[in-house]
Amino acid sequence: MSSVVGSLNELLVSLFSDISLDVSFLFLLAVIIPGVVIFLIMTVNAIVAVYMERKVSAFMQDRLGPMEVGIFGFKGGKKFWGGIGQTIADAIKLLVKEDIIPNDADRFLMILAPFIIFIGAFVTFIGVPFSEGLIISDFNIGILYVIAMSSVGVIGIILAGWSSNNKWSLYGAMRAAAQIISYEIPIGLSLILVVIVVGSLEMSEIVKWQADNRWFIIHSPFAMLGFFIFFISGVAETNRVPFDIPEAESELVAGWMTEYSGFRWALFFLSEYTNMLIVCIIASVVFLGGWLSPFKIINLPYVDIIPDSFFILDGFYLGLFWLLIKAIFLIFVMMWFRWTFPRLRVDQLMYLCWKVFIPFALGNLVFICIWELLF
Amino acid sequence: MGIDNLQDNSSIKADEMVLNMGPQHPSTHGVLRLKIHTDGEIVSKIDPIMGYLHRCFEKHCENLSYEQVVPFVDRCDYLASMHMDHAYSLAVEKLLDIELPERVEYIRVIIAELQRIASHLVAIGTFGLDVGAITPFTWTISDRERVIDLFEALCGARLLYNYIWPGGVSHDLSPKFIDRTIEFLDYFDKKYDEYNELLTGNPIFIERTADVGIIPADVGVDYGVTGPSLRGSGVDYDLRKTDPYSIYEKFEFEVPVGKGEMGTVGDCWDRYWVRMLEMKESMKIVRQAIASIPDGDVHAAMPKRIRPKKGSVYSRYESARGDVGFYIISNGKNVPVRLKMRSPAFCNLSILSEVAEGWMISDVCTILGSLDIVLGEIDR
């Protein structure tokens, strides 16, 4: 199971070392290639996730969902993948739509805001792994970087709400700021658990520890609690039901994106689904064994019941498969929440964060230290 | 929970902001405009502004013959058109002082109770939407569709039926209609439990609705709140029992009232739960009526043109939203001199400014949803 490459960056460096070109040109290439890769991942993810969301919601609501738009003449007919081209059609519609900026809006900030949100989601991907060695850059502060970058977007949300010059937007932005900043804390506290146990912030180290021992979720009861706190806070962090109060459509019309349309709105949408994917991938990597196959949920070196041939299920390509399966399952759970739960109120949301999650996460931190000392 | 602390905290009061909710807003249930004075998220004052859907219904009626008024009453409460037809027909029949064939009364009761189920389904679904649950809405709407299909089979219309006329109904029930109704009731019995699983027992739903927007019984009575909204406050007042019209005294049913099972008596959850229980009672009434429906004519012996004697009449009716009243003054011609309608949703809405004060913006949506208003009826 030796790693194919350390990361995409290392791969590029090793490739470029043989080419005799200008250094600045190579540097530019090294920036552009990962950028294109991330952008492709984001777009494909949004297209797939939106389609999935529409179908999941439809089946939960006794509907069929999109059934009409196929791709290149391929139509599923009455089968369930009928409207497979719907998201692409929607994306094209959004891009050619008229872009409206209200007269009284702060033009510069209103244009700037979607890009900040987009960049927040975009740069986070640098530290997000997809399989063994399939990561843009596997640096030693991986988790810290991901947490830090995923909260950049909130600046964009505040700007969007403020610059729209709309009361609903302002409400949504203020709610979002309070919510996202609050839920950063339980997320951080539950990720510290794994850092304490593994002793590293690096993604590949964390998964390596899980390969050597067991998935982190079954490390101890505290790790399991930590996973739930992380995942639920992650749902809150991505502003999804039951924590979607910043864009509560029945109260605030569309919250901080009320005044946005067309391409700028599409950027918000893209970022939302990207954030979902990031949270789910981080949860899978940190707690659910990352790119390890489910057969390696626990590693028992002294009981050799699983034959070695089983471990061909691990590896570069299958690792990607397992990680995506885990992440997609978590995304499905998020959708499941969305289509069955009502929405919490602002004060209840804050109550849940400050009076439930944070005390539990802090207690968790103490207990996992004791656990580590004892076992 | 936390909200009481927030209200006490007068030291952090900032400037008030006036927020216009509506007339185009997803949870004002129509073209209602709420002028909300807010202090942060907290509502300090709220003015409902209505009239965006005013269609001069009462003035129109002064120029229409009694038969021609029926389609107009349909358009008042468009979610419970049958109730409006029935209420108006009862008033005209009281003015004319005529006896109806037994079968007509049975048909009317069956239809009215089915309509009550349909209307409450919309109320529950949109209430779910107001607190953020989207799926219950699609479920209730697809079940309401089944009731509407029944009505379509009955009279050809799906929303504005013009079915119950003074002196009878437009079409007789077919035996197939009765079979389909029984089929629907059997189906709905099962579906009913699913709603309870999805919404009623949901902890977040309870958190959002219990103890929120409490209408004390005396305040509710003072404001003239009627229907499920008042019964949610624990007042046992249902015209089908307290002032029976048609043939309601023949049937066995209970009047559910709010008991404060999840919080305080008269909170939003109680009003929701009363509607749920009422659907169950309506199913009971329909089953009883279907079991004992007699044969006969569906038109009373009516004069060709309705010309009531000089005089006036006030008749009350328990619609899905509450106490509908029709006050008609006749001068002996075929056109009413004056027709006044007491709109239950109008009176129910008037309590909003009293109840919603001090709650959060999210709770305004919850409280408004729990009152189940229909703007067509408020503005007329």
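In this predicted model, helix 12 (residues 268–291) of chain B packs against helix 15 (residues 361–371) of chain B at an angle of about 30°, and their axes lie 9 Å apart. Because angles under 35 degrees count as roughly parallel, helix 12 of chain B and helix 15 of chain B are described as roughly parallel to each other. The crossing in which helix 12 of chain B passes helix 15 of chain B is left-handed. The residues that make this contact are set out by helix below.

| Helix | Contact residues |
|---|---|
| Helix 12 of chain B | C268(B), R271(B), Y272(B) |
| Helix 15 of chain B | T366(B), I367(B), S370(B) |

Between the chains, 23 residues of chain A are in contact with 31 residues of chain B. On the side of chain A that touches chain B, at least two residues are supplied by each of helix 10 (249–252), helix 12 (316–340) and helix 13 (346–374) of chain A, and the largest share, four residues, comes from helix 13 of chain A. The residues of that side of chain A divide into 11 nonpolar, eight charged and four polar.

Within chain A, helix 8 (residues 203–212) has as its buried residues M203(A), S204(A), I206(A), V207(A) and Q210(A). Viewed down the axis of helix 8 of chain A, these buried residues fall within an arc of 160°, so they line one face of the helix. The elements covering the buried residues of helix 8 of chain A include helix 5 (142–150), helix 7 (167–198) and helix 11 (262–287) of chain A.

How values were computed
Residues are numbered from 1 along each chain as its sequence is written. Chains are lettered from A and ligands numbered from 1 in the order in which they are written. This is a predicted model: local features need pLDDT of at least 70, side-chain atom pairs count only at pLDDT 80 or more; totals for chains, interfaces and linings use all residues. Two residues are in contact if their C-beta atoms, placed from the backbone, lie within 7 Å. Ala, Val, Leu, Ile, Met, Phe, Trp, Tyr, Cys and Pro count as nonpolar, Asp, Glu, Lys and Arg as charged, and the others, Gly among them, as polar. A residue is buried if 20 or more other C-beta atoms lie within 10 Å of its own, exposed if 12 or fewer, and partly exposed in between; C-beta atoms are placed from the backbone. The arc is that of the directions from the helix axis to the C-beta atoms. Axes are lines fitted to C-alpha atoms, for helices over the stretch in contact, and angles run from 0 to 180 degrees between N-to-C directions. Angles under 35 degrees count as roughly parallel, over 145 as roughly antiparallel, 65 to 115 as roughly perpendicular and the rest as oblique. A crossing is left-handed if the near helix is turned anticlockwise from the far one by less than a right angle, and right-handed if clockwise.
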